[in-house]
Amino acid sequence: MQPGNPGQDPYGQQPNQDPNAPQPPQYGQPPAAPYGQQPTSGQPYGQQPTSGQPYGQDPYGQQQPQYGGGGPTYPNAGYPQGGQGQNNTLGLVSMILGIASIPLICCFYLGIPVGIAAVVTGYLARQKVAQGQANNAGQAKAGLICGAVGVGLGIILIILGIVANVALPTQP
């Protein structure tokens, strides 16, 4: 504190106070509910609506917005309406089949037909992307690549199986 201004700090700091001392009331704020209770029924200080006003209306006569109205509406918000959406099914199916074709090679070469299906659906999905009817080019490409890898690994596994059976001696 400076000598010329007793009781005021030039930097706006409060003098050291005891945190356990009672605080002076803050004006302009409603008093807190005792023991952490919330005011009931939306009325301040726990007041109940009087008999002259129906329950749920503002006692000051202000209109409250009703559900589903009053707010701004935005065109094309939310889910696409009929005819406006993209047809992304083929790309998704291609990606799922392509990913599944790789581990299915071990199951009696089931990965080869699943991989072929992934390549075909991936090709069709890429055509739809090129025409502007779909927007999932990445899924279509992933399905096409994974399906081709599944078919390639299946063919390599068949060739290795044939070579291994032919090269093994049958007599001890």
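Predicted model: local features only at pLDDT ≥ 70, side-chain atom pairs only at ≥ 80, totals over all residues.
User: How many helices and strands does the protein have, and what pattern does it follow along the sequence?
Analyst: The protein has zero strands and three helices. Read along the sequence, the pattern is α-α-α.

User: What share of the residues in the protein is buried?
Analyst: Buried here means under 20% relative accessible area. The protein has 172 residues, and the buried ones make up 14%.

User: Among contacts between residues at least 6 apart in sequence, what percentage joins residues at least 24 apart?
Analyst: A contact is taken as heavy atoms within 4.5 Å. Among contacts in the protein between residues at least 6 apart in sequence, those joining residues at least 24 apart make up 58%.

User: What distance does helix α1 reach from its first C-alpha to its last?
Analyst: Helix α1 covers residues 89-101, which is 13 residues. At 1.5 Å a residue, 18 Å is expected. The helix comes close to that value, reaching 18 Å.

User: Why do the buried residues of α1 line one face of the helix?
Analyst: In α1, the buried residues are Gly91, Ser94, Gly98 and Ser101. They line one face because, seen down the axis of α1, they fall within an arc of 100°.

User: Which exposed residues sit on the face of α1 turned away from its buried side?
Analyst: Exposed means over 50% relative accessible area. The face of α1 turned away from the buried side carries two such names, Thr89 and Ile96.

User: Is Ser94 buried or exposed, and which residues does Ser94 touch?
Analyst: Ser94 lies in helix α1. Its relative accessibility is 0%, so Ser94 counts as buried. Not counting residues up to four places away in sequence, Ser94 touches Ala118, Thr121, Gly122, Ala140, Gly143 and Leu144.

User: Where is Ala100 found, and how far apart in space are Ala100 and Gly111?
Analyst: Ala100 is found in helix α1. With 28% relative accessibility, Ala100 counts as partly exposed. Ala100 and Gly111 are eleven residues apart in sequence, and their C-alpha to C-alpha distance is 7.5 Å.

User: Which residues of α2 are buried?
Analyst: Helix α2 spans residues 111-131, and its 21 residues reach 30 Å from first C-alpha to last, close to the 30 Å expected. The buried residues in α2 are Gly111, Ile112, Val114, Gly115, Ala118, Thr121, Gly122 and Ala125.

User: Which residue just after α2 takes a positive phi, and of about what value?
Analyst: Helix α2 covers residues 111-131. Just after α2, Gly132 takes a positive phi of about 85°.

User: Which residues is Ala125 in contact with, and how far apart in space are Ala125 and Ala140?
Analyst: Ala125 lies in helix α2 and is buried, with a relative accessible area of 2%. Leaving aside neighbours within four places in sequence, Ala125 is in contact with Leu90, Gly91 and Ala140. Ala125 and Ala140 are 15 residues apart in sequence, and C-alpha to C-alpha they are separated by 5.6 Å.

User: What separates the C-alpha atoms of Ala117 and Leu144?
Analyst: Ala117 lies in helix α2 and is partly exposed, with a relative accessible area of 29%. Ala117 and Leu144 are 27 residues apart along the chain, and their C-alpha atoms are separated by 9.3 Å.

User: Where is Cys146 found, and which residues is Cys146 in contact with?
Analyst: Cys146 is found in helix α3. Between Cys146 and Ala100 there are 46 residues of sequence separation and 8.5 Å in space, C-alpha to C-alpha. Leaving aside neighbours within four places in sequence, Cys146 is in contact with Gly98, Ile99, Ser101 and Ile102.

User: Which residues make the nonpolar surface patch, and what is its area?
Analyst: Patch residues have over 30% relative accessible area. Ile156, in helix α3 (residues 137-167), is partly exposed at 48%. The patch is made by Ile102, Ile145, Val149, Leu153, Ile156 and Leu160, and its area is about 510 Å².

Definitions and conventions: Residues numbered from 1 in each chain as written. Heavy atoms only, no water. Patch = residues over 30% accessible without salt bridge, like charges linked within 9 Å, V, L, I, M, F, W, Y side chains within 5 Å. Areas by Shrake-Rupley, 256 points an atom, 1.4 Å probe, with all protein chains shown as cover. Salt bridge = Lys/Arg side-chain N within 4 Å of Asp/Glu carboxyl O. Helix = DSSP H or I, 4+ residues; strand = E, 2+ residues; numbered from the N terminus. Buried < 20%, exposed > 50% of the residue type's maximum accessible area, 1.4 Å probe, protein only. Expected span 1.5 Å × (residues − 1). Arc of directions from axis to C-beta.
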